[in-house]
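This report describes the strand pairing, nonpolar cores and salt bridges of one protein model. The sequence and structure are shown first.

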Amino acid sequence: MSWQYTHFDSVPLPLYNLKQDRSTPEVPSTLRRYIGGVVDYAGANQRYADVAQMTLVGTYQGESGYLIRQDGAILTDNSGNRISIGTAANRLRVQLEELSGKVGQRGQLWRTLENGTRQWKYARLLKDGYEAKVDERMQRAEVKTTFETWHPAWRSANLITVAGNANTPLVPSIGGNVAVLDAILAITASATITSIAITGLGMSLLWTGSLTSGQTLRLDSGLRTVRIGTNTNAYSGFTIQAGHTAQRWFELTPGINTLYVRTDAAATLSLTYYDQWL
């Protein structure tokens with residue numbers, strides 16, 4: 001699969017003379033020595049990288065810009081001079097300043113596949129290096145950037161939502177090539193609910209409390225938070241049952257998945273996630 005890093009948030013990354021680290025992040029060893037042998041503590045579960053750094057090298061090109069008509073011709077003034085919208089030096093400076101202004105910030109690092117598909121993961125820009133060369137001054141600049149990420153997988157550009165009702169199967173179809181572990185399940189009560197049980201796919205989760213009509217309970221498998229609405233912490237009513245074997249609260253594998261949300265009163269469901277790729 002061919003692809004390249006293209007943007008950090010909305011800031012374009014260098015386009016020319018690319019040297020981009022496209023390796024899959026290294027996974028730490030899961031083997032531990034014990035008396036009498038070695039144990040694989042991850043068992044049959046897929047192990048993911050924790051933290052990874054990526055180094056990207058490329059060249060920004062400062063190019064003069066001109067006003068162009070709809071037919072493609074360059075506009076000129078009364079003396080026949082092209083109407084400029086920016087010199088090469090100014091355009092190069094803008095590119096460099098936009099990227100250097102992102103150092104230390106967390107944002108979305110975007111990549112584009114050869115078919116035009118865009119995917120992203122959260123990363124932090126740790127370093128933006130630029131060495132000036134006399135013969136390239138004000139025309140081009142080679143920059144070397146270092147990003148750090150804790151996300152092993154790339155996410156689809158668009159958030160996917162699967163809607164349903166409590167006490168009937170919820171059947172998301174997962175794309176990508178790796179399990180989704182950070183889905184968010186929202187349960188909106190149509191009448192007062194005191195018990196919510198979630199099963200299927202190795203899950204056995206239970207929440208007890210009071211969710212009145214119109215209120216929404218949100219379980220975030222990535223952040224591991226349980227909230228009513230956006231601010232009310234409802235984690236105290238949440239328990240992971242003995243039969244739970246999923247790696248996280250939810251583990252949605254590529255293909256068809258079926259999970260069950262059983263409540264003691266009517267409720268609507270919304271499951272949101274991104275398809276993901278290593």
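How many bridges join β15 to β18? The two strands are antiparallel and are joined by five bridges. The model is a predicted one, in which local features need pLDDT of at least 70, side-chain atom pairs count only at pLDDT 80 or more, and totals for chains, interfaces and linings use all residues. Residues are numbered from 1 along each chain as its sequence is written, and side-chain values use heavy atoms, with hydrogens and water left out.

**Strand pairing**

Helices (H or I, at least four residues) and strands (E, at least two) are DSSP runs numbered from the N terminus. Two strands are said to pair if DSSP finds at least two bridges between them. Strands of a sheet pair through backbone hydrogen bonds, in either a parallel or an antiparallel sense.

β15 and β18 belong to an open sheet of six strands, ordered β13-β24-β15-β18-β19-β20 and paired antiparallel. Its edge strands, each pairing on one side only, are β13 (160–165) and β20 (232–233). Towards β18, I187 has L217 as its bridge partner, and T188 stands opposite T216. β15 also pairs with β24, again in the antiparallel sense, over six bridges. There, A189 has A267 of β24 as its bridge partner.

**Nonpolar cores**

A nonpolar core is a set of buried Ala, Val, Leu, Ile, Met, Phe, Trp, Tyr and Cys residues joined through side-chain atoms within 4.5 Å. Buried means under 20% relative accessible area, exposed over 50%, and partly exposed in between (1.4 Å probe, protein chains only).

The largest nonpolar core comprises 33 residues, and those with the most contacts inside it are I187, I196, I198, W207, L217, L219 and F250. At least two residues of this core come from each of β15 (184–189), β16 (193–200), β17 (203–211), β18 (216–220), β19 (225–228) and β24 (267–273). Another core, of 19 residues, lies apart from it and includes Y5, L96, A123 and F147.

**Salt bridges**

A salt bridge is a side-chain nitrogen of Lys or Arg within 4 Å of a carboxyl oxygen of Asp or Glu.

| D9 | K102 | 2.7 Å |

In the salt bridge between D9 and K102, distant parts of the chain are linked: D9 is in the loop between β1 (3–8) and β2 (11–12), and K102 is in the loop between α1 (88–100) and β9 (106–113), 93 residues apart. D9 is partly exposed because its relative accessibility is 27%, whereas K102, at 12%, counts as buried.

E97 and R93 are four residues apart in helix α1, so about one helical turn separates them. E97 is partly exposed at 46% relative accessibility, and R93 is partly exposed at 40%.

D182 counts as partly exposed at 22% relative accessibility, while R155 is buried, with a relative accessible area of 7%.
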